[in-house]
Structure formats: C-alpha cells, structure tokens
Amino acid sequence: MEIEIYSLPAEERKTKPHPSNLGFGQHFTDHMFLMNYTQDRGWDHPRIVPYQPIQLDPAALVLHYAQAVFEGLKAYHGQDGKIRLFRPDMNARRLNASAERLCMPTIEPDLFIEAVKTLVRLEKGWVPQAEGASLYIRPTMIATEPALGVRPALEYLFFIIASPVGAYYKEGFNPVKIMVTDKYVRAVPGGIGHTKAAANYAASLKAAQEAQTQGYSQVLWLDAREKRFVEEVGTMNIFFLFKEALVTPPLSGSILPGVTRDSVICLAREWGIEIQERPITINEILEGLEKGEVLEIFGTGTAAVISPVGLLHYKGKDYTINQGETGPLAERFFQEITGIQYGTRPDPSGWTVLVD
Ligand code: COI
C-alpha cells in the first residue's frame, strides 16, 4: 500500500526542543501517521499528515470499553550520522498479539515497519543527537466505531506519533528505588497482562502513585494468585543476578514480552552467562540479598533501556542492592545494547534496521 504524505510547509514547523533537556514524552514532532480500518475495506488509506488532534465520536468504543493497544520503539541517531531502529519486527508482532487478544484487527508487519520508517524518514531532523537521547515512537490502535454494545468494534484507527526523549527516569542510568506491592495486582492469568493494552497501564497507576508519594520510582508487581512470585516492574521487565545465574520471570501469560528483555537474554547466552527464565519468589530474592547471593537487580524496557535497581522496599523494610550502585553486569548490558542501537558496536544478530 502506498503511504501518502501531506507534509507541513517548513515555515509552519515547530521549534525543536534542546536535546539536553528533553524529558520523556513531552514534545511531539511535526507529523503523524494515520490509517483507518473498516470491515469492508480492511486497513486503508495509510497517510502521514501534520501532527494534530484526532476527532472521535463520543460513542467511539475505545472511550467506553478500552479497546486500545500500543507499542513503543525508538529511532537512534548514530555517530556515523545513520538513523537506526531496534528490532521493529518484534514490535510489529507484539502489536498483533495484543490486537488479537483484544479482538482488534492485525496489521501486516511489513506495513507496520514501512509506516514507522516513512514517518522517521520525514522527521529525521527530530531524532536528537545528544548522548542517551532518541526519538520515541508510539504506534497505537484504537476502536473508533460509535456504539455502546459491549462487542468488538467494526472500525479502528491506527496512528503513530513520535517524541524526542531523554532518559525515562529522572535518575537516568543511576539506580532506582522500587517498592514491592502486595496490596495491588497488575494482571491475572488468562487476563491481558501479556499485551500492551492501554488498560494495563491504567490499572497500574494507583500503586505507582502510592509508591511515588513514598519516594519510590516504581512498583514491583507480584503474581495475583499468591502474591509470592515476582512479575515485572511498572514499565520494565526485571532481572536478578544470583552468584550462579541471571534469573528473570518466565513469559507465563501475565507479564509483557519485552524487546529489551529478549535482547538481554540473547546477549547473556552469547556471553556464556547462565540464564534462567523461571518463577522466582520475592522471599528467594530477599533472602539472597541478605546472604549476599543476589549481586545485582536491573529492569529492562524500551523507554528505560537498562535501569539498575538500588533498593527494594517490602513490608516496611528496605533492602539495598550492590550498595545502591550500578552493577557491572547492568553496565555491560547497557553499553552493549546502546552501542548496537547507536551503531558504535557490531550488530551480529542484525537487530538494527537503517532508516535510509
Ligand atoms: C516502553 O518501554 O516503550 C513502554 O512502553 C513503557 C512506557 C509505557 C513508557
């Protein structure tokens, strides 16, 4: 399908923010990608238009029953002047897995990747060049059909917006403090926790807000049934470095299959690090910390990249990890993954896609 481009005249384009002070998701580029779905025509009329509000009927099903899924990926400005995407095929597949779970239409992965590339190509000047900065890309699908019956919509909008960003956490690559919650749960087996459904994030807000008012950056979720097994952190998957192995919870249906999570697992295997995807209880971690057997904890995510955890708070007690410092393995993953993303390290697995 041909992507039509309606570009904004140069004099109407926005002033770009300074790359050293971007924050996360506060600025948006000049254009966005749109495509509509109807039952008769399927996905139709892919186009890039000036960034603008979208019009929705107040009865649009997304506003009532939350049929909304999204993705997150980044475009990186390399020192060689090239712009790269990181494993966009994984985002395309995950978007479709999310869409299927919420009875929404899927999108051909090639079309998804072409749409991202076409938008980034047009917005090249928005891919920031400062260290650690990138263009965050947010593909999103919503149900637009006006109706109030509880059923899958017959009409959808797929859009992609982009935002120049710096670090996700105010701590940057410095360790974050995390609160383990046994009061709220994020996802239940058989639910939608393994999808990037917008509703999952709405469900997480209350716990995150309570954690933040107490001085913690995020929440570590436990399983909904027994509140014993560790699942994931607010916007990241989580890894625990024990003396003998690197351990992360398995993709058992209630946690998000992260792209950075998968990349860490692949690299650990390549580096000969024993990696275990297995259920792990919060007690095993806390005991391991007390006995000095847990050496590092870090989160992984597209927005957060690798985020070392310096402290866990659970049932009124603080547990410090690696003296609150970034550990060498988190540092090694960070350097390797960002090196591949920015084109300063070899990419033997072909993870990056050039936007030419
Ligand atoms: C990402 O890491 O891309 C995410 O989607 C997390 C986020 C909701 C900020």
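Helices (H or I, at least four residues) and strands (E, at least two) are DSSP runs, numbered from the N terminus. This is a predicted model, where local features need pLDDT of at least 70, side-chain atom pairs count only at pLDDT 80 or more, and totals for chains, interfaces and linings use all residues. Residues are numbered from 1 along each chain as its sequence is written, and side-chain values use heavy atoms, with hydrogens and water left out.

**Stop 1: the largest pocket**

A pocket is an open set of points on a 1 Å grid over the protein atoms alone, with protein on both sides within 12 Å along at least five of seven lines; lining residues have an atom within 4 Å of a point. Grid points are joined across faces, edges and corners, and a volume is the space filled by probe spheres set on the points.

Now select Phe24, Arg138, Tyr168, Tyr201 and Thr235. Of the 48 lining residues, these lie nearest the centre of the largest pocket. Colour the lining by class: 22 residues are nonpolar, 18 polar and eight charged. Here Ala, Val, Leu, Ile, Met, Phe, Trp, Tyr, Cys and Pro count as nonpolar, Asp, Glu, Lys and Arg as charged, and the others, Gly among them, as polar. Elements that each supply at least two lining residues include strand E7 (134-143), strand E8 (155-165) and strand E15 (294-301).

**Stop 2: the two domains**

Colour domain 1 (4-165) and domain 2 (176-341) separately. These bounds come from an automatic or database domain assignment. The C-alpha centres of the two domains lie 27 Å apart. Across the boundary, 21 residues of domain 1 are in contact (heavy atoms within 4.5 Å) with 22 residues of domain 2. The lining of the largest pocket draws at least three residues from each domain.

**Stop 3: the second largest pocket**

Go to Glu131, Gly132, Ala133, Phe334 and Tyr342. Of the 33 residues that line the second largest pocket, these are the closest to its centre. The volume of this pocket is about 720 Å³. Helix H7 gives the most to the lining, with five residues. By class, the lining has 15 nonpolar, 16 polar and two charged residues. Domain 1 and domain 2 both give residues to this lining, so the second largest pocket lies between them.

**Stop 4: H5 against H7**

Show side chains: Thr260, Ser263, Val264, Leu267 and Ala268 in H5 meet Phe333, Glu336 and Ile337 in H7. This contact has five nonpolar, two polar and one charged residues.

**Stop 5: the largest cavity**

The structure holds three cavities of 30 Å³ or more. A cavity is a set of grid points where a 1.4 Å probe fits but cannot get out. The largest has about 60 Å³ of space. Among its lining residues are Tyr76, Phe86, Thr260 and Gln341. Strand E5 (73-77) and H5 each give two or more lining residues. E5 provides the largest share, three residues.
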